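Subject: Structure for you to look at

Dear colleague,

I am handing over the structure below, and my notes on it follow. Please keep it open beside the text as you read.

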Amino acid sequence: MELQKEARTPRDPVARLPGASRSQKPDEEERREGGSAPAATALDAEADGASADGLWELPVEPAERRPECSRCSRPQKVCLCPFLPVHPLHISTHLYIIQHPAEENKVLRTVPLLAACLPQDKCKVKIGRRFSEERDPELSTVCRKSDTLILYPGAEAANLEEFILDSPIYPSTIIIIDGTWSQAKDIFYKNSLFRLPKQVQLKTSISSQYVIRAQPTNRCLSTLECAAVALSILEKNNYIQETLLRPLQALCSFQLQHGAQIRLSKEHLLKNGLYPKPMPKNKRKLRKMELLMNSIKI
């Protein structure tokens with residue numbers, strides 16, 4: 001949403017404050033010295049006030065956005081459609097992406113690339129911080145189904161690959177939260193709906209290929225990568241993972257060729273003595289740092 005500055009007229013008392021603040025000083029001197037303010041000073045103050053008032057009347061030009069590709073949502077000059085599948089992948093699993101609002105306008109977001117690879121009726125993106133049955137009846141219904149999973153790591157989360165082998169009901173829907181780790185944690189724990197589905201996590205040794213964005217650990221994956229791995233497991237088709245990762249690889253390659261740098265994980269920086277910031281004094285944050293250095297999952 002673009003913010004437009006409200007135009008102010010000379011009658012607006014706020015707009016006249018700069019002029020008033022300058023004109024008050026000569027009046028005070030006049031009262032103290034028993035004389036009148038110099039005419040030139042008074043005129044200068046009046047002129048400055050008028051010019052300041054005029055600034056509010058200047059037209060505000062909205063920032064122009066580069067034309068975007070309608071499919072991959074990238075600027076047209078750096079469109080990644082050649083790296084997308086010609087036709088959306090055929091999958092039976094329904095994917096729900098719960099996206100934090102801060103992710104929506106990020107330039108290097110991965111969700112548009114993910115959505116461009118999948119059928120529209122199989123991939124839905126819900127943007128927000130708080131969800132309830134009243135606000136989103138569809139999502140509430142999905143969360144209450146016994147064949148819905150939510151991908152979020154934790155002590156109570158089951159290994160996805162092992163879960164589908166033992167589950168009497170094969171999952172038809174998976175929910176993934178899109179945001180930073182702190183944003184995802186806030187969404188997961190402050191929305192009771194997301195604790196209704198079975199919680200699962202990925203047990204994988206692969207490192208993230210999203211190298212232009214820093215991750216807490218070497219094992220942390222982007223939203224697109226999580227979806228790629230999860231869908232390939234649920235659909236029992238490794239081609240899905242290869243296809244979904246292709247546009248991400250192209251994105252990172254292009255950015256690195258045009259000045260971006262590889263962002264090493266916090267875990268790697270700590271282990272190799274390269275972390276640029278001082279260690280936190282807060283005991284909880286310091287404990288997290290120590291866990292990263294010792295390769296213990298948080």
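**Salt bridges and the sheet**

Arg130 is partly exposed, at 32% relative accessibility, where buried means under 20% relative accessible area, exposed means over 50% and partly exposed lies in between, computed with a 1.4 Å probe on protein chains only. Please bear in mind that this is a predicted model, in which local features need pLDDT of at least 70 and side-chain atom pairs count only at pLDDT 80 or more, while totals for chains, interfaces and linings use all residues. Residues are numbered from 1 along each chain as its sequence is written, and side-chain values use heavy atoms, leaving out hydrogens and water.

Arg130 forms a salt bridge with Asp186, with 3.1 Å between the closest N and O atoms; the term stands for a side-chain nitrogen of Lys or Arg within 4 Å of a carboxyl oxygen of Asp or Glu. Because Asp186 lies in helix H6 (residues 181–189) and Arg130 in the loop between strand E2 (123–127) and H4, the pair ties together parts that are 56 residues apart in sequence. Helices (H or I, at least four residues) and strands (E, at least two) are DSSP runs, numbered from the N terminus. Asp186, which is partly exposed at 21%, also meets Lys190 in a salt bridge of 3.2 Å, N to O, and Lys190 is exposed at 55%.

The whole structure holds seven salt bridges. One of them joins Lys106 to Glu103 at 2.9 Å between the closest N and O atoms; here Glu103 is buried, at 2%, whereas Lys106 is partly exposed, at 28%. Lys124, Lys126, Asp136 and Glu138 are linked in a network of such bridges.

Turning to the sheet, six strands form an open sheet with parallel pairing, in the order E2-E1-E5-E3-E6-E4, where two strands pair if DSSP finds at least two bridges between them. The edge strands, each pairing on one side only, are E2 and E4 (158–159). Strands E1 and E5 run parallel and are joined by six bridges, and Tyr96 stands opposite Ile175 in E5.

Finally, which residues of helix H4 (residues 137–144) are buried? They are Leu139, Ser140, Val142 and Cys143. Seen down the axis of H4, these buried residues fall within an arc of 160°, so they line one face of the helix, the arc being that of the directions from the helix axis to the C-beta atoms. They pack against strands E1 (94–99), E3 (148–151) and E5 (173–178), contact meaning heavy atoms within 4.5 Å.
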